[in-house]
Amino acid sequence: MVYTDYFFDEPVFDLHDGGYIPLEKTDLPEKPLSIPKLLKPDKIEGNDVYYTITAQEGETQILPGKKTKTWGFSAPLLGKTVVFKQGVHYHIHLVNELPEVTTFHWHGLNVTGPIVDGGPHAPVYPGGSRDIDFTLDQPAQTDWLHPHPCPNTARQVWNGLAAAVIVTDPEEAKLPFPRNYGVDDIPIVLQDRNYHDNQLDYKTDYDMDGTLGKYAVINGTINGVFNVTTQRLRLRILNGSNRREWRLHFDDDHEFTQIASDGGTLPEPVELTKLMITTAERDEVIVDFGDKKPGDVVTLMSDDVPILKFKVGNYTRNDVKLPSHLNTIPKPVVTPGSKIVHTVMSGMDDQVRLDGKLFDMQRIDRKQKIGDTILWDVTNTNDMDKGMIHPFHLHGCQFLVLSRNGKDVYPNEHGWKDVVGVNAGETVRIAVKFTKFGIYMYHCHILEHEDTGMMAQIEAYDPDHEHKFHLISMEEMMNGGKS
Ligand code: C2O
Ligand code: CU
Ligand code: CU
């Protein structure tokens, strides 16, 4: 069965808002799609691997003419791709060479909060550094690293900070997926930007409902071309946009197969011709160019705008059939006697709220015992006509999506997720289990909504070991106690 629709509710596609800026077809020259380099370890000592990641300024040739001033993680723009292996103990030296405070948030990683997780409680000041370490203990998936110093997250991501993170594990490694980085396994970081005299200008482009740009910028490339040298190509698609939903399809309605969502491999492959991805989500797909011949060009579109070309070259025939079963995802067993958690995303513009409140770094909004599996009903109270989709994100765990307004979830939502797009007027039921104690954020992942305060925090606690958390204020995060 091949699915040919976007699943989400058409009336709330983000096309109708007055401030909406559609992507524009570009007349800029074609350029090879940039593929982020892999981050190299500083040293490896048995099972201990050491990295340094530097948030830095740089310059990037994005448009013809003047270079654009950009930010990145150990790169002038976006970041080097970090590859983590399940079971390895990582030690990471985080360095801030930016002129302002930032944080290093591991979106999707199951690490302790709030410090290792890298939310607003873990500031790194200009010229300063922070050392974290953790043992990677989750399955293969595509995650990402982005700054999280709310209220400046959106601007820092807009300036360029976003790196792909690839987790590998021995189980997933047995599956017949392409896995040669840069050749048949590539990150696709979807972003949109505007330029003013070739420079970014977040203030000018700012929109409280999420900043949009008319240029589709993929891995930092506008009008990119990827030369296909294998029959099958794996795309690790990451929506790294501040707000934009991408509605992806090929110009010739070429089919593709989704194999993974945020938290890793899906239970079964899902055949599609259309895929909508809301902010911060990751979808891995395999495109099989077996019906194409050298010289053919297949164009990836979002809505009706071409965003990336695939030029098919000579490839060796490789007709692999994916197994119909890819991954076993256990049915969640809800903790007996537990109550359903209700959480509400409401409003637009400066009216956005989470559970009727704005974020307070020193307030713990909820508690949940580690090991418990609790149902959360996440509601978007916007109405259909004027509403928009709020993508709901939870730190510190991967959840399962159980229902949408009591009905079945979308066919590609049967795997682990850490972001779920909630339609206007909809309640999405998810099953949430934390395995590590800590303070974790949950919020709308439209970055400007998050920065405005559409965010709250939960303490995942271990009843046998009490932990005291020092929760700093936003003032302290911004100034480090200095005024
Ligand atoms: Cu992608 Cu709170 O983060
Ligand atoms: Cu996150
Ligand atoms: Cu929102």
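**Salt bridges, copper sites and a pocket**

Me: Why is the contact between R234 and E284 called a salt bridge?
Reply: The closest N and O atoms of R234 and E284 are 2.8 Å apart. A salt bridge needs a side-chain nitrogen of Lys or Arg within 4 Å of a carboxyl oxygen of Asp or Glu, so this pair qualifies. R234 sits in strand β17 and E284 in strand β22 (residues 282-288), 50 residues apart, and the pair links distant parts of the chain. Strands here are DSSP runs (E, at least two residues), numbered from the N terminus.

A word on the ground rules: this is a predicted model, in which local features need pLDDT of at least 70 and side-chain atom pairs count only at pLDDT 80 or more, while totals for chains, interfaces and linings use all residues. Residues are numbered from 1 along each chain as its sequence is written, chains are lettered from A and ligands numbered from 1 in the order in which they are written, and side-chain values use heavy atoms, with hydrogens and water left out.

Me: Which other partner does R234 have, and what makes that pair a salt bridge?
Reply: The partner is E172, with the closest N and O atoms 2.7 Å apart, so the pair passes the test too. E172 is in the loop between β12 (163-168) and β13 (185-193), and R234 is 62 residues away, in β17 (residues 232-239).

Me: How do you know whether R234 and E172 are buried or exposed?
Reply: Buried means under 20% relative accessible area, exposed over 50%, and partly exposed in between (1.4 Å probe, protein chains only). R234 has 2% and E172 has 7%, so both count as buried. E284 is buried as well.

Me: What does R282 pair with, and where do the two lie?
Reply: R282 forms a salt bridge with D418, at 2.7 Å between the closest N and O atoms. R282 lies in β22 and D418 in the loop between β30 (400-404) and β31 (419-422), so the bridge ties together parts that are 136 residues apart in sequence. The whole structure holds 35 salt bridges.

Me: Which residues coordinate the copper ion (ligand 3)?
Reply: H390 (ND1), C444 (SG) and H449 (ND1) do, at 2.0 to 2.2 Å. Their spacing in sequence is H-x53-C-x4-H. H390 lies in β29 and C444 in β33 (residues 438-444), so that pair joins parts 54 residues apart. Both H390 and C444 are buried.

Me: What kinds of residue make up the lining of the largest pocket?
Reply: There are twelve nonpolar, eleven polar and seven charged residues. β32 gives the most to this lining, with three residues.

Terms used. Helices (H or I, at least four residues) and strands (E, at least two) are DSSP runs, numbered from the N terminus. Ala, Val, Leu, Ile, Met, Phe, Trp, Tyr, Cys and Pro count as nonpolar, Asp, Glu, Lys and Arg as charged, and the others, Gly among them, as polar. Donors are N, O and S atoms within 2.8 Å of the metal (3.2 Å for Na, K and Ca); water is not among the atoms, so sites may look incomplete.
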